[in-house]
Amino acid sequence: MKASVIRSYLEKFLQDYLGSDEPLEPDEDGVYCFRRGSAEILVSLIEEEQSVVSILSVLLRGVKKSQKLLEALNDTNADCPFAKVYWREEGVVLRLDLLAESLDDAQLRMACGLVSRLADELDTRLATEFQGDLAFSDDKEEEAVEV
């Protein structure tokens with residue numbers, strides 16, 4: 001399947017998923033961004049021999065790697081077989097990848113929902129224990145908005 005067809009499908013899906021009247025526009029790198037609670041969710045199409053839709057969130061920025069942090073991330077990974085959480089370049093990332101060729105609405109909805117819920121929960125919990133910066137304030141009264 002051509003990347004342009006997958007990208008078109010992804011844009012339509014995200015518009016419906018977010019309940020928007022307007023199409024979600026990618027940034028200059030082709031990444032679609034939206035907000036869920038204190039988390040910023042990034043969705044991108046990685047065009048390779050086997051194209052992949054990547055759904056990720058940088059849970060914390062500016063956090064130092066430590067044995068305690070890596071153990072906490074490992075424990076999280078053990079409890080969540082579909083997504084992975086890891087430390088990279090002073091940030092903690094939550095990521096879930098799907099083969100683009102076989103995507104359907106149910107699979108993509110589950111993946112976006114899982115990453116959104118986990119990111120909004122984990123970022124706050126990890127920030128409390130390990131410091132670091134959240135993407136957005138953790139104000140529970142704020143509605144999820146597109147960024």
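**Helices, strands and side-chain pairs in a predicted model**

Q: What do the buried residues of α2 pack against?
A: The buried residues of α2 pack against β4 (84-88), β5 and α3. Packing here rests on contact, meaning heavy atoms within 4.5 Å. Helices (H or I, at least four residues) and strands (E, at least two) are DSSP runs, numbered from the N terminus.

Q: Before we go on, what sort of model is this, and how are residues numbered?
A: This is a predicted model, in which local features need pLDDT of at least 70 and side-chain atom pairs count only at pLDDT 80 or more, while totals for chains, interfaces and linings use all residues. Residues are numbered from 1 along each chain as its sequence is written, and side-chain values use heavy atoms, with hydrogens and water left out.

Q: Back to α2: which of its residues are buried?
A: They are L69, L73 and T76. Buried means under 20% relative accessible area, exposed means over 50%, and partly exposed lies in between (1.4 Å probe, protein chains only). Seen down the axis of α2, these buried residues fall within an arc of 55 degrees, so they line one face of the helix. The arc is taken over the directions from the helix axis to the C-beta atoms.

Q: And which residues are exposed on the other side?
A: Q67, K68, N74, A78 and D79 are exposed there.

Q: How far does α2 reach from its first C-alpha to its last?
A: Helix α2 (residues 67-79) has 13 residues and reaches 19 Å, close to the 18 Å expected at 1.5 Å a residue. The expected span is 1.5 Å times one less than the number of residues.

Q: What about α1: how far apart are its end C-alpha atoms?
A: The end C-alpha atoms of α1 are 20 Å apart, which agrees with the 21 Å that its 15 residues should span at 1.5 Å a residue. The buried residues of α1 are I6, L10, F13, L14, Q15 and Y17. Their cover includes β1 (32-36), β2, β3 and α3.

Q: What follows that helix?
A: G19 follows α1, and its phi is positive, near 65 degrees.

Q: Changing topic: how many salt bridges are there?
A: The count comes to seven salt bridges. A salt bridge is a side-chain nitrogen of Lys or Arg within 4 Å of a carboxyl oxygen of Asp or Glu. One of them joins R7 and E47, at 3.9 Å from N to O. R7 lies in helix α1 (residues 3-17) and E47 in the loop between β2 (39-46) and β3 (52-61), so this pair ties together parts that are 40 residues apart in sequence.

Q: Which residue does D16 pair with?
A: D16 forms a salt bridge with K12, the closest N and O atoms being 3.0 Å apart. The two residues are four apart in helix α1, about one helical turn. D16 is partly exposed at 44% relative accessibility, and K12 is partly exposed at 46%.

Q: And what is the partner of R125?
A: R125 pairs with E121, with the closest N and O atoms 3.8 Å apart. Both lie in helix α3 (residues 105-130), four residues apart, about one turn of the helix. R125 is partly exposed at 44%, as is E121 at 46%.

Q: Now the strands: in what sense do β2 and β3 pair?
A: They pair in the antiparallel sense over five bridges, and a hairpin of five residues joins β2 to β3. Strands pair if DSSP finds at least two bridges between them. The bridge partner of V43 is I55 in β3.

Q: How many bridges link β3 and β5?
A: Strand β5 (residues 91-99) pairs with β3 over nine bridges, in the antiparallel sense. V53 stands opposite L98 in β5.

Q: How many residues of β3 are buried?
A: Nine of the ten residues of β3 are buried, so β3 is largely enclosed by the rest of the structure.

Q: Last topic: how many disulfides does the structure hold?
A: It holds zero disulfides, a disulfide being a pair of cysteine sulfur atoms within 2.5 Å.
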